Amino acid sequence: LSASPPVVLLLLSLLGLAAAGKLLVVPVDGSHWLSMRELLDMLQQKGHEVVVVAPEVSLQIKPSKSFVMKMYPVPFTREEMDKVFKGSVMDLFRGGPFLERVIRQYQQAKKTSALFLATCTHLIHNKELIRYLEESKFDAILTDPVLPCGAILAEYLSLPSVYFLQQIPCGLEYQATQCPNPPSYVPRVFTDLTDRMTFLQRVKNMLYDIPNFFLCDVVFQPYAELASEFLQREVTVPDLLRQASIWLMKLDFVLHFPKPLMPNMVLISGVNCAYKKLSQ
């Protein structure tokens, strides 16, 4: 560096570009929000301005000194939301034959997705709030793509997006990023398989993946229709997800089986874990 004073001056001149930014956050309620909230606290400490858009009725999303919260009305009560979420949690711990579990998941997905779809619909049709977002000149959007409402807003506002997630139903993160997801050694949900399988186990792994296509239609097709209407052009959910700049994956190969990743998929591991010293 001492031999290149012009280079040093150029780098110093670029320091001004590292000023704090303005971040729009479209979260997903429940446990998804708890780890994201910790990230927002850290961003605020670094001087960034954070604006969170959230429904008036929620389980975990509450106002904080770390960010500005913009709330919008939704057509359901807290009691109705509690009933749907408790049903989903209880269903996860129920056993039974594979086909029975698929049917239960299908029925529960319809109830849960209807509630979240209503939330997203009332957000993007809130003209006053959308006008505020247009005028605020955000630098980027942070969202959990398990529900694509944030992705719809990112496309509408022409903002670069950062995704913060563990996984998306039906493996849409692989389709959106064109990431290899071979059933030969990436275990599917409900299989209890590892990343080392016999031939028959690989066949089982492929068969277990088939119902995901039907579940995806139930959960995500309404968002594609909503996005097409809002953006006034035909789009699919993978089209929306494909625009993400960075995928911050809450995965860790200590707890998850190794699998292919794309260059913009960054493993960030245990941001939602308790701070305590682990035993040997």
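Which residues does Glu-155 touch, not counting residues up to four places away in sequence? In this predicted model, Glu-155 touches Leu-231, Arg-233, Leu-240 and Gln-243, where contact means heavy atoms within 4.5 Å. Glu-155 is placed in helix α6; helices (H or I, at least four residues) and strands (E, at least two) are DSSP runs numbered from the N terminus. Glu-155 counts as partly exposed because its relative accessibility is 25%; buried means under 20% relative accessible area, exposed over 50%, and partly exposed in between (1.4 Å probe, protein chains only).

Residues are numbered from 1 along each chain as its sequence is written, and side-chain values use heavy atoms, with hydrogens and water left out. As the model is predicted, local features need pLDDT of at least 70 and side-chain atom pairs count only at pLDDT 80 or more, while totals for chains, interfaces and linings use all residues.

The chain contains nine helices and seven strands. Of its 280 residues, 42% are buried. Among contacts between residues at least 6 apart in sequence, 58% join residues at least 24 apart.

The largest nonpolar core comprises 58 residues. A nonpolar core is a set of buried Ala, Val, Leu, Ile, Met, Phe, Trp, Tyr and Cys residues joined through side-chain atoms within 4.5 Å. The residues with the most contacts inside this largest core are Leu-24, Leu-123, Leu-133, Leu-153, Leu-241 and Trp-247. Helix α8 (residues 199-231) contributes the largest share of the core, nine residues. A second, separate core has 16 residues, including Trp-33, Leu-40, Ala-54 and Ala-140. In soluble globular proteins, nonpolar side chains tend to be buried together. When neighbours within four places in sequence are left aside, Leu-133 is in contact with Leu-24, Val-53, Phe-138, Leu-153 and Leu-157.

One disulfide is found in a search of the whole structure, a disulfide being a pair of cysteine sulfur atoms within 2.5 Å. The bond is formed by Cys-120 and Cys-149, whose sulfur atoms are 2.3 Å apart. This pair links distant parts of the chain, with Cys-120 in helix α4 and Cys-149 in helix α6, 29 residues apart. The link of Cys-120 and Cys-149 is right-handed, with 95° about the S-S bond. Cys-120 and Cys-149 are both buried. Cys-179 also counts as buried, because its relative accessibility is 6%.

The structure holds one cavity of 30 Å³ or more. On a 1 Å grid over the protein atoms alone, a cavity is a set of points where a 1.4 Å probe fits but cannot get out, and lining residues have an atom within 4 Å of a point. Grid points are joined across faces, edges and corners, and a volume is the space filled by probe spheres set on the points. The volume of the largest cavity is about 210 Å³. Its lining consists of 21 residues, of which Pro-27, Val-28, Tyr-72, Phe-116 and Thr-119 lie nearest the centre. At least two lining residues are supplied by each of β2 (49-55), α4 (98-124) and α6 (149-157). The largest share, five residues, comes from α4. By class, the lining divides into 16 nonpolar, four polar and one charged residue. Here Ala, Val, Leu, Ile, Met, Phe, Trp, Tyr, Cys and Pro count as nonpolar, Asp, Glu, Lys and Arg as charged, and the others, Gly among them, as polar.

Gln-178 counts as exposed because its relative accessibility is 66%. Asp-192 counts as exposed because its relative accessibility is 76%.

Val-89 lies in helix α3 (residues 78-92). With a relative accessible area of 44%, Val-89 is partly exposed. The C-alpha atoms of Val-89 and Gln-108 are separated by 9.9 Å, the two residues being 19 apart along the chain.

Definitions and conventions. 1 Å grid on protein atoms, 1.4 Å probe; cavity = no way out; pocket = protein on both sides within 12 Å on 5 of 7 lines; lining within 4 Å.
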